[in-house]
Amino acid sequence: MLDNGKDPIPSRQDSGKKRSLGRRIIIGVASLLVILAVAIGVIGYHYFQSSLKPMDSSNNQVVQVHVPMGATSNKIGQILQDKKVVKSGMVFNYYVKSNKYTNFRAGYYQLKPSMTLKQIAMQLQKGGSSEPIQSTSGNVLVREGETIDQIATAIPVQTDFTKAEFLSLMKDKAFFNQLAARYPQLLSSAKRAKNVRYRLEGYLAPATYQAGKKMTLKQLITEMVAKTDENLQGNYATIKKQKRSVQEVLTLASLVEREGVTQADRNKIAGVFLNRIKAGMAIQSDISVQYALKTTKKTLTYKDLKVKSPYNLYIHTGYGPGPFDNPSVSSIKAVLHPTDRSKGYYYFIANTKTGKVYFSKTYAQHQEKTSSLASDNK
């Protein structure tokens, strides 16, 4: 037979085989999609049913949740999910809408992962507190020389309150004014201060405080301020006689707190600072620069010492805006009763290995002592 140059015509049998193969592929893909859809549906159903149950029925730890004004049920569900009080904010939103739970109120709520969605919804209808409250009794430790930022970091570890809630109150003018009206001797000079980071820096007395059940954060902070007022009750007359303000005394005390260890050294260091202020010299404390930079690094560069901040007492004379931390009673007493001022010390340096502090009258003497301690103070 001659080749006419054309492709051979497929037989009916070949065409049938191809159509059969195509149908099998389509059926296979469709079957897989059906199986996948069923699997997703089953998983989704179980997730939905699981999310209707408590997050953790065995977990009775209280979680403080803030519901802002005007929050929708969808927004509240997301907040609850983020706080790990419910498994799914979306399912919570569906549940409250399908069960017609409405009129949720803004406020602070004490909720638990063991609560059912119904219990949570009913609690949200009743309303929460207007401000954060403590759910259980516990102790809050404010260490000597801690800054407000450092206290804020420890607050959520020791209480139900958050760092943001604590810092928000530290900047709350209305709250400060309430405290100033209650403790005028203590806070009148702080109220007049300018360019301060926190008006209550220096006024939160180092001590251990009991955060009782149902105590608010405002009450806890008020106790800290009240403790400082108590510590100064026998010293207000001395401060007035020395023609200083409480703000100035606590500012120097906050520097003395971190510069000295023993009471004797603190008394002498206070004398050095007062001598420098009287002479119109800058205090030049590294503590002031660390506060300005919000750093705790011990070794500062020349660039650090030039940072533009009212708290930098290398480039500014006087006391600065206010305290750099919350000082102890011993440091406050050192400022009120300094020693060796008449000896004319204007400089001091500590041996970081031994802790011994050396005092000098002149810059040349100070430089000589600094050089002799260079190996120990690396």
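This is a predicted model: local features need pLDDT of at least 70, side-chain atom pairs count only at pLDDT 80 or more; totals for chains, interfaces and linings use all residues.

**Helix 7 and helix 9**

- Helix 7, which spans residues 173-182, and helix 9, which spans residues 217-232, have axes that come within 12 Å and cross at roughly 40°.
- Angles under 35 degrees count as roughly parallel and those of 65 to 115 as roughly perpendicular, and helix 7 and helix 9 are therefore oblique to each other.
- The crossing made by helix 7 and helix 9 is right-handed.

**Helix 11 and helix 12**

- Helix 11 (residues 246-259) packs with helix 12 (residues 263-278) at an angle of about 135°, and the axes of the two helices lie 9 Å apart.
- Helix 11 and helix 12 are therefore also described as oblique to each other, and their crossing is right-handed.
- On the side of helix 11 the contact is made by L252, L255, V256, E257 and E259, while helix 12 contributes R266, I269, A270, F273, L274 and I277.
- Sorted by class, the contact of helix 11 with helix 12 holds eight nonpolar residues and three charged residues, with no polar residues.

**The largest pocket**

- The largest pocket has a volume of about 1,700 Å³, and of the 41 residues that line this pocket, E259, D286, K298, I349 and A350 are the closest to its centre.
- At least two residues of the lining of the largest pocket are supplied by each of helix 11, helix 12, helix 13 (286-293), strand 5 (347-350) and helix 15 (363-372).
- The lining of the largest pocket divides by class into 18 nonpolar, 16 polar and seven charged residues.

**The largest cavity**

- Counting cavities of 30 Å³ or more gives one cavity, and the space that lies in the largest cavity is about 40 Å³.
- The largest cavity is lined by G202, L204, A205, P206, T228, N231, P327 and I332.
- By class, the lining of the largest cavity has five nonpolar residues and three polar residues, and no charged residues.

Note on methods:
Residues are numbered from 1 along each chain as its sequence is written. Side-chain values use heavy atoms; hydrogens and water are left out. Axes are lines fitted to C-alpha atoms, for helices over the stretch in contact, and angles run from 0 to 180 degrees between N-to-C directions. Helices (H or I, at least four residues) and strands (E, at least two) are DSSP runs, numbered from the N terminus. Angles under 35 degrees count as roughly parallel, over 145 as roughly antiparallel, 65 to 115 as roughly perpendicular and the rest as oblique. A crossing is left-handed if the near helix is turned anticlockwise from the far one by less than a right angle, and right-handed if clockwise. Contact means heavy atoms within 4.5 Å. Ala, Val, Leu, Ile, Met, Phe, Trp, Tyr, Cys and Pro count as nonpolar, Asp, Glu, Lys and Arg as charged, and the others, Gly among them, as polar. On a 1 Å grid over the protein atoms alone, a cavity is a set of points where a 1.4 Å probe fits but cannot get out, and a pocket is an open set with protein on both sides within 12 Å along at least five of seven lines; lining residues have an atom within 4 Å of a point. Grid points are joined across faces, edges and corners, and a volume is the space filled by probe spheres set on the points.
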